[in-house]
Amino acid sequence: MTLPPSSRLARLDALPFTKQHRKLLVGSGVGWALDAMDVGLISFVLAQLAVTWQLESTELSWIASAGFIGMAVGASLGGLLADRFGRRQVFAITLLVFGIATGAAALSWSLGVLIVLRFIVGLGLGAELPVASTYMSEFAPPRIRGRVIVLLEAFWAIGWTIAALIGYFIVPLSDNGWRWALFIGAIPAIYAVVVRFAMPESVRFLESRGRTAEAEATVRRFEISAGQATDAVSDAAGEREAAAERAGAATPHVKPRLTARAQVATLWALPHRIQTLALWVVWFCVNFSYYGAFVWLPSILVASGFSLVKSFEYTLIITLAQLPGYLVAAYLVEKWGRSKTLAVFLTGSAVSAVLFGLAGLEWQVIGAGMLLSFFNLGAWGALYAVTPELYPTELRATGSGWAAGVGRIASIIAPLLVPILTGVGGSVLLFSVFAAFFLIAAAAALALADKRGKALEEFVPAVAERV
């Protein structure tokens with residue numbers, strides 16, 4: 001008798017947090033940190049290119065926005081591909097794409113070449129983040145799933161801190177310091193090979209594709225890690241499933257696959273419509289304020305009268321506040337729930353943005369910046385925790401990817417508007433706009449369903465198109 005998928009998934013969900021879970025968290029987290037390092041590096045690169053290449057603010061904006069245009073496309077496509085071909089495969093490919101492109105960008109000889117390569121970097125980076133959070137959420141025990149995803153997001157703080165250290169110690173060394181920084185950003189290309197061969201495919205994805213023998217083997221691998229011996233029935237069933245798959249036998253519980261068009265359309269069908277709308281609003285507003293502020297932070301500080309080195313130093317200090325923000329959010333998502341924690345941290349981000357815009361003295365700049373870093377990155381952790389929980393397995397990566405893709409549209413717009421807003425009303429107007437976007441996101445966050453401690457949904461209701 002073939003084990004029903006609910007049995008395998010129930011066994012996986014019932015496990016404690018094991019060494020295998022930790023291995024996946026660290027493996028995914030290192031990729032996440034490398035992503036953050038790449039995004040963080042560009043803010044320091046922009047500050048130096050403004051001096052060495054004598055670029056105008058509009059030209060610098062296009063360097064930043066080119067990467068975010070790529071991220072918007074990559075996030076949308078990456079989610080669709082991960083739901084069709086698997087989480088692990090897409091995860092590894094995206095790391096490879098943006099790692100190689102980052103290294104190539106270090107060789108750029110003109111503004112146009114750098115913009116094109118930053119777009120390619122964005123394709124890989126945009127696809128990787130929602131796929132990684134989906135992948136990890138499908139393995140994490142339900143009772144601590146939110147906390148695990150926030151801890152995964154916390155690797156972003158590690159990567160951004162590494163970027164700040166590179167920016168502070170390496171970029172100012174010479175006019176080519178930005179090139180060395182980007183060469184270091186090519187490390188993900190090497191790590192992609194490790195990811196491809198060392199990490200298992202998602203059990204939930206394997207179940208949805210009828211690859212039951214692989215799913216059973218992965219569940220037993222986690223059970224062994226937890227010190228739980230599998231019973232003879234499970235072993236025998238696994239052997240029969242493996243034999244059936246080798247013989248090409250069909251598995252009765254597998255549905256035909258959704259077409260790409262139907263995957264996206266189903267995000268806006270009942271019962272997902274309201275959740276998708278609220279989620280997209282949150283992603284758009286958070287991306288607008290975060291990338292508008294943090295990508296331009298060193299340049300904003302230089303424009304405020306600080307030296308290039310001093311602006312890098314302050315950015316490094318401000319960045320260090322990200323990690324405690326994640327840790328507090330990791331605790332609260334299981335204590336308060338996802339939507340409430342997200343709304344509170346977004347409100348704190350709004351208040352911090354206003355304070356930063358009004359700051360004039362050095363201690364005020366650093367203090368307000370650290371508060372903004374604390375609350376904003378804590379909000380990111382809660383947002384990544386709630387996003388994949390809102391959709392069933394067949395739509396999970398697609399839903400996460402399209403939400404991230406919509407958010408990246410804001411990250412394209414924001415860097416282009418920063419010079420305009422600053423020119424009209426200075427830092428006060430700029431950060432007041434950021435605060436308003438944070439407040440809109442906080443209101444939308446309260447509409448998101450809180451699935452703290454619940455098992456992930458597995459199947460999509462009947463839809464129009466399957467292939």
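Reader: Are arginine 11 and glutamate 216 buried or exposed?

Author: Both are buried in this predicted model.

Reader: Why is the contact between arginine 11 and glutamate 216 called a salt bridge?

Author: The closest N and O atoms are 3.0 Å apart. The cut-off is within 4 Å for a side-chain nitrogen of Lys or Arg and a carboxyl oxygen of Asp or Glu, so the pair qualifies.

Reader: And what makes arginine 8 and glutamate 216 a salt bridge?

Author: Here the closest N and O atoms are 3.4 Å apart, again within 4 Å. Arginine 8 lies in helix H1 and glutamate 216 in helix H10, so this bridge ties together parts 208 residues apart in sequence.

Reader: Which residues are linked in a network of salt bridges?

Author: That network links Arg8, Arg11, Glu207, Glu216, Arg220 and Glu223. One of its pairs is glutamate 223 with arginine 11, at 2.9 Å from N to O. Glutamate 223 is buried too, with a relative accessible area of 7%.

Reader: How do you know that helix H5 is largely enclosed by the rest of the structure?

Author: Count its residues: 20 of the 27 are buried, so H5 is largely enclosed.

Reader: What span is expected for H5, at 1.5 Å a residue?

Author: The expected value is 39 Å, and H5 reaches 39 Å from its first C-alpha to its last.

Note on methods: Residues numbered from 1 in each chain as written. Predicted model: local features only at pLDDT ≥ 70, side-chain atom pairs only at ≥ 80, totals over all residues. Heavy atoms only, no water. Helix = DSSP H or I, 4+ residues; strand = E, 2+ residues; numbered from the N terminus. Expected span 1.5 Å × (residues − 1). Buried < 20%, exposed > 50% of the residue type's maximum accessible area, 1.4 Å probe, protein only.
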